Amino acid sequence: MAGIYLHIPFCNSKCIYCGFYSVVGREIREKFVPALRREISLRRNFFDTLPKEQQTIKTLYIGGGTPSVLPIATLSEIVALLRDNFSFPDGAFEFTIEVNPDDVTKEYAAGLKRLGVNRVSVGIQSFEDTHLRWMARRHNAEEAGEAFAILREEGFDNISADLIFGFPLLSMAQWESNLKKLTALSPEHISAYQLSIDENTPLERLASKGHFIPADEAACSLQYSMLQSLLKEAGYEQYEISNFAKRGFFSRHNSGYWERVPYLGLGPGAHSFIGKKREWNFNSVEDYCREDLFEIRQGETLTESDIYNETLMLGLRKSEGVAVEKLLKSCSSAPRFFEGSQEIFNRYLSAGFLIKEGERIKIPPEKYFVSDGIIRDLFV
Ligand code: SF4
């Protein structure tokens, strides 16, 4: 199994909190497809070291940035390029695209359907217009509902929606209302993220001048608990710290990341992973589009401890936890690393911050909110 992530580095404007790489300028968009064609021709053999049966692309994820700023004709050209150069299955594979609600028209949704998209991820973030304006989102709450309805009318039966919590403007009552409005729409999948202050964002600049004070952790923790309980009541299974889904609708693409399945990341800022190698393209669409520049990425070979820590972290973020056997087989030093961490494992187990179920170690759901600290302590 293998996956492809394609990063579309364009947005029509920047949201206040966003740390993802994207540019607002439009002229450069014209040069993107030829540049992508060049990158694909350089990297079309990326999966060649895998056994033949594992080279088939099982998931394609077009994210960004805002993929939906591109016209359907451009997306269609891109999909044809990918199909010409990589091995896709004859039958269905998970094909996700991220959209912003303000880009979703009936024609656009129908175009996505024709392209073979079968999973749409909608950046809703909030159903309060005051929040959306503060975040500098381009859509309003009404447009989010409309986009959702259009996608349903056009036959999309696998929709994911994102919400943000943990910012000072958001009261508990508003968070409850956001969650209830979203579950009333009944998306198959929900991702919810606590607002963070990412580097080089307007929010970071506001915070550094004292114009933004983050919400206190106790309030964020209460919002996270409400998220867990309301979504559980509404029939969603929390399968990862930030991800919830109805039965059968876990994100296969993201599950691939968490299972350390090889993936190729195309486009500026995209990351790739195969074997012990991780690579990332530079965050510069201008350089990416230069015909004479082929040094568009750098990479690293993961050390034994990187591999062990990654297996541990990605496993413990999932509700099914990490299988001890998988952890022990993650690299040749893993048995020694695991042995050396027994004291801290046992301390967390006896304090109830970790649980052991059969051969799996998990973080119990009521401790997910502090999972980062637990996982960090277990790193070698
Ligand atoms: S959150 Fe999405 S739409 Fe907003 S700037 Fe980031 S990538 Fe663009």
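I began with Gln-125, which counts as buried because its relative accessibility is 7%. This is a predicted model, and I read every value below with that in mind. Gln-125 sits in strand S4, residues 119-125, and its phi is near 70°, a positive value in a residue other than glycine. I noted the background here: most residues other than glycine have a negative phi, and most peptide bonds are trans.

I then looked up Asn-200, where phi is likewise positive, near 55°, again in a residue other than glycine. Asn-200 lies in the loop between S6 and helix H7 (202-208), and it is exposed, since its relative accessible area is 62% and the cut-off for exposed is over 50%.

**Ligand shell.** Which residues are around the ligand? I listed Cys-11, Ser-13, Lys-14, Cys-15, Tyr-17, Cys-18, Gly-65, Thr-66, Asn-100, Arg-137 and Arg-138, and by class this shell has four nonpolar, four polar and three charged residues. One of its members, Gly-65, is in the loop between strand S2 (57-64) and helix H2 (72-85), and the peptide bond from Gly-64 to Gly-65 is cis, with omega near 25°.

**Cysteines.** I checked for disulfides and found that the structure holds zero of them. Cys-289 is in no disulfide, and the nearest cysteine sulfur, that of Cys-11, is 15 Å away. Cys-289 counts as buried because its relative accessibility is 8%, and Cys-18, at 17% relative accessibility, counts as buried too.

**Helix H8.** I followed H8 over residues 217-233, which is 17 residues, and its first and last C-alpha atoms are 24 Å apart, close to the 24 Å expected at 1.5 Å a residue. At its start, a side-chain oxygen of Asp-216 comes to within 3.1 Å of the backbone nitrogen of Ala-218, while after the helix comes Gly-235, with a positive phi near 95°. The buried residues of H8 are Cys-220, Gln-223, Tyr-224, Met-226, Leu-227, Gln-228, Leu-230 and Leu-231. An α-helix has 3.6 residues a turn, so residues three or four places apart point the same way. What do the buried residues of H8 pack against? I found strand S5 (159-165), helix H6 (172-185), strand S6 (189-194), strand S7 (237-240) and strand S8 (243-245).

**Helix H1.** H1 covers residues 29-43, has 15 residues, and reaches 21 Å from its first C-alpha to its last, close to the 21 Å expected at 1.5 Å a residue. Among the residues of H1 that are buried I noted Phe-32, Val-33, Leu-36 and Ile-40, and also the charged Arg-29, Arg-38, Glu-39 and Arg-43.

**Two buried glutamates.** Glu-240 is found in strand S7 and is buried, with a relative accessible area of 2%. Its side chain is joined to that of Arg-317 by a polar contact of 2.8 Å. Leaving aside residues up to four places away in sequence, Glu-240 touches Trp-258, Arg-317, Lys-318 and Ser-319.

Glu-310, in helix H11 (residues 304-316), counts as buried at 14% relative accessibility. A polar contact of 2.7 Å joins its side chain to that of Arg-278, and, with residues up to four places away in sequence again left out, Glu-310 touches Arg-260, Arg-278 and Leu-302. I also looked up how Glu-310 stands to Leu-60, which is 250 residues away along the chain, and their C-alpha atoms are separated by 23 Å.

Definitions and conventions:
Residues are numbered from 1 along each chain as its sequence is written. This is a predicted model: local features need pLDDT of at least 70, side-chain atom pairs count only at pLDDT 80 or more; totals for chains, interfaces and linings use all residues. Side-chain values use heavy atoms; hydrogens and water are left out. A residue is near a molecule or strand if one of its heavy atoms lies within 4 Å of it. Helices (H or I, at least four residues) and strands (E, at least two) are DSSP runs, numbered from the N terminus. The expected span of a helix is 1.5 Å times one less than its number of residues. Buried means under 20% relative accessible area, exposed over 50%, partly exposed in between (1.4 Å probe, protein chains only). Contact means heavy atoms within 4.5 Å. A polar contact is a pair of N or O atoms within 3.5 Å; within protein, one must be able to donate a hydrogen and the other to accept it, and residues adjacent in sequence count only if both atoms are side-chain atoms. A disulfide is a pair of cysteine sulfur atoms within 2.5 Å.
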